[in-house]
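Please open the model in your viewer and keep the sequence panel beside it. The tour below moves from one selection to the next and says what is to be found at each stop.

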Amino acid sequence: MATQDGSEEVIMETEAKPKEAEPLGENAEKVDTETHTDAGNATTQDSSISNGDDADDKQEMVDLKIIWNKNKYDLKIPVDNTGAKLKESIYSLTGLPPAMQKVMYKGLLPEDKTLREIKITNGAKIMVVGSTINDVLAVNTPKEVIQQEVKAEENKKEPLCRQKQHRKVLDKGKPDDIMPAIKGTKERLPTVPLAGMFNKSGGKVRLTFKLEQDQLWIGTKERTEKVPMGSIKNVVSEPIEGHEDYHMMAFQLGPTEASQYWVYWVPAQFVDAIKDTVLGKWQYF
């Protein structure tokens, strides 16, 4: 019995060992499964971590076509960027400093408004006009001298609207088909030509701003002059006495007063936009 009891005990121990090994095997499989699961979770978590470069991806973007100096550039920027930010992006593309840029989209593009406010949409063409520092230094000095001389002469003389040469046009009165004027406000150029005004001879004249060609078209009944904006040395204006919501305006097409092209009854709200578009804000720096 003792031997049998001993055998039974050995048998029991032998049978007990596999029973103890089975849960160890199950635990090992569970641990292994959990390890794989944790690794999978870690992989999933890692893939969702931002690398810090996708900040713009969370913003609404707009695709633009930038046209400068007969070259075209593709640009994608946030639609809530301002005009000033757009100029910085154009600088990174073209190397043209923001202060030297004249950026146009349905008129001169305001720097303080966002692209969304200006209603710029995907595929919009943005026209850029401007010269490098070296080009401006070579060309701008004579223009600045002319502007200073014109201002000096203006200070010496009586108001323009009282001078005989202008009175003969102004005395004809305000044209019936002139565009309405708003005193004390500034507006962007309209999408249609400015029409119904008089020129120095008393004939009807219209101004069309061809931003794509950087040209000012001065149209009369007889012909249309296509003037490069870069050739216009200065733009002067003065309110018309008794009708301050309208201005008389001259485009300096050459070096002397004889080369000034006068336009009468220009709506006051467009005066600043005309000067900025023709001369560009960068001219004042």
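Helices (H or I, at least four residues) and strands (E, at least two) are DSSP runs, numbered from the N terminus. This is a predicted model, in which local features need pLDDT of at least 70 and side-chain atom pairs count only at pLDDT 80 or more, whereas totals for chains, interfaces and linings use all residues. Residues are numbered from 1 along each chain as its sequence is written, and side-chain values use heavy atoms, with hydrogens and water left out.

Begin by colouring the model by pLDDT, the predictor's confidence in each residue, from 0 to 100. The mean for the protein is 78, and 69% of its residues reach 70 or more. Select residues 6-26, where pLDDT stays under 50 and the model has one contact (heavy atoms within 4.5 Å) beyond four places in sequence. Over residues 39-53 the pLDDT is also below 50, and this stretch has zero contacts in the model beyond near neighbours in sequence.

Next, select glutamine 260, which lies in strand S11. Is glutamine 260 buried or exposed? It counts as buried because its relative accessibility is 15%, where buried means under 20% relative accessible area, exposed over 50%, and partly exposed in between (1.4 Å probe, protein chains only). Not counting residues up to four places away in sequence, glutamine 260 touches Ala250, Phe251 and Gln252. Its side chain also makes polar contacts, a term for a pair of N or O atoms within 3.5 Å; within protein, one must be able to donate a hydrogen and the other to accept it, and residues adjacent in sequence count only if both atoms are side-chain atoms.

Move on to aspartate 272 in helix H6 (residues 271-279). With 31% relative accessibility, aspartate 272 counts as partly exposed, and a polar contact of 3.1 Å joins its side chain to that of lysine 186.

Finally, select strands S6 (residues 204-210) and S7 (residues 215-219), which pair in the antiparallel sense over five bridges; two strands pair if DSSP finds at least two bridges between them. Threonine 208 stands opposite tryptophan 217 in S7. In the hairpin of S6 and S7, with four residues between the strands, aspartate 214 takes a positive phi near 55°.
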